[in-house]
Amino acid sequence: DTQQQTVGPQKIRLFDSVQCTYNILEQRPAQALMEARAAGMDVIIKEGLANGRALRHPTLLEVSRTMMGDGDDDDFCSPD
């Protein structure tokens, strides 16, 4: 639910920021985070690298190999 939580007759916003897990593997909160930011809230991202799991994602590993040159293992940047 992206509705603002307010208090009292002056409609004072309860929170100035939102903290949320968001990364390449978990992107479901994207719309709510964009709405929070548009409403002037600070957005704090947790687990931006998915606790290291993103570094082992097959697609990211392939992109990394492509970006590193000829795909030679000596040039490959590995999380290990």
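Reader: Let's begin with Asp42. Why is Asp42 called partly exposed?

Author: Happy to start there. Asp42 has 46% relative accessibility, and partly exposed covers what lies between under 20% (buried) and over 50% (exposed). Asp42 therefore counts as partly exposed. Please keep in mind that this is a predicted model.

Reader: What makes the contact of Arg37 and Asp42 a salt bridge?

Author: The side chains of Arg37 and Asp42 meet at 3.9 Å, N to O. A salt bridge asks for a side-chain nitrogen of Lys or Arg within 4 Å of a carboxyl oxygen of Asp or Glu, so the pair qualifies. In general, side chains of opposite charge can pair when their charged atoms come close.

Reader: How many salt bridges are there by this rule?

Author: The count comes to two. The other pair is Glu26 with Arg28, whose side chains meet at 2.6 Å, N to O.

Reader: What is the layout of the chain?

Author: Along the sequence the pattern reads β-β-β-α-β-α, with two helices and four strands. Of the 80 residues, 15% count as buried.

Reader: How do you know that β3 and β4 pair?

Author: Pairing needs at least two bridges between two strands. β3 and β4 have five bridges, in the parallel sense, so they pair. As one example, Cys20 has Ile45 in β4 as its bridge partner. From β3 the chain crosses through α1 to β4, and this β-α-β crossover is right-handed.

Reader: What does Ser17 touch beyond its neighbours within four places in sequence?

Author: Ser17 is in contact with Met41, Asp42 and Ile44. Ser17 has a relative accessible area of 34%, which falls between 20% and 50%, so Ser17 is partly exposed.

Reader: What makes the phi of Ala50 stand out?

Author: Most residues other than glycine have a negative phi. Ala50 is not a glycine, yet has a positive phi of about 55 degrees. Asn51 also has a positive value, near 50 degrees. Ala50 lies in the loop between β4 (42-46) and α2 (58-67), and Asn51 has its place in the loop between β4 and α2.

Reader: Are Ala50 and Asn51 buried or exposed?

Author: Ala50 has a relative accessible area of 0%, under the 20% cut-off, so Ala50 is buried. Asn51 has 62%, over the 50% cut-off, so Asn51 is exposed.

Reader: Which residues make the nonpolar surface patch?

Author: Ile24, Leu25 and Leu60 make a patch of about 220 Å². Leu25 is found in the loop between β3 (17-21) and α1 (30-38).

Methods
Residues numbered from 1 in each chain as written. Predicted model: local features only at pLDDT ≥ 70, side-chain atom pairs only at ≥ 80, totals over all residues. Heavy atoms only, no water. Patch = residues over 30% accessible without salt bridge, like charges linked within 9 Å, V, L, I, M, F, W, Y side chains within 5 Å. Areas by Shrake-Rupley, 256 points an atom, 1.4 Å probe, with all protein chains shown as cover. Buried < 20%, exposed > 50% of the residue type's maximum accessible area, 1.4 Å probe, protein only. Right-handed = clockwise from strand over helix to strand, strands pointing away. Contact = heavy atoms within 4.5 Å.
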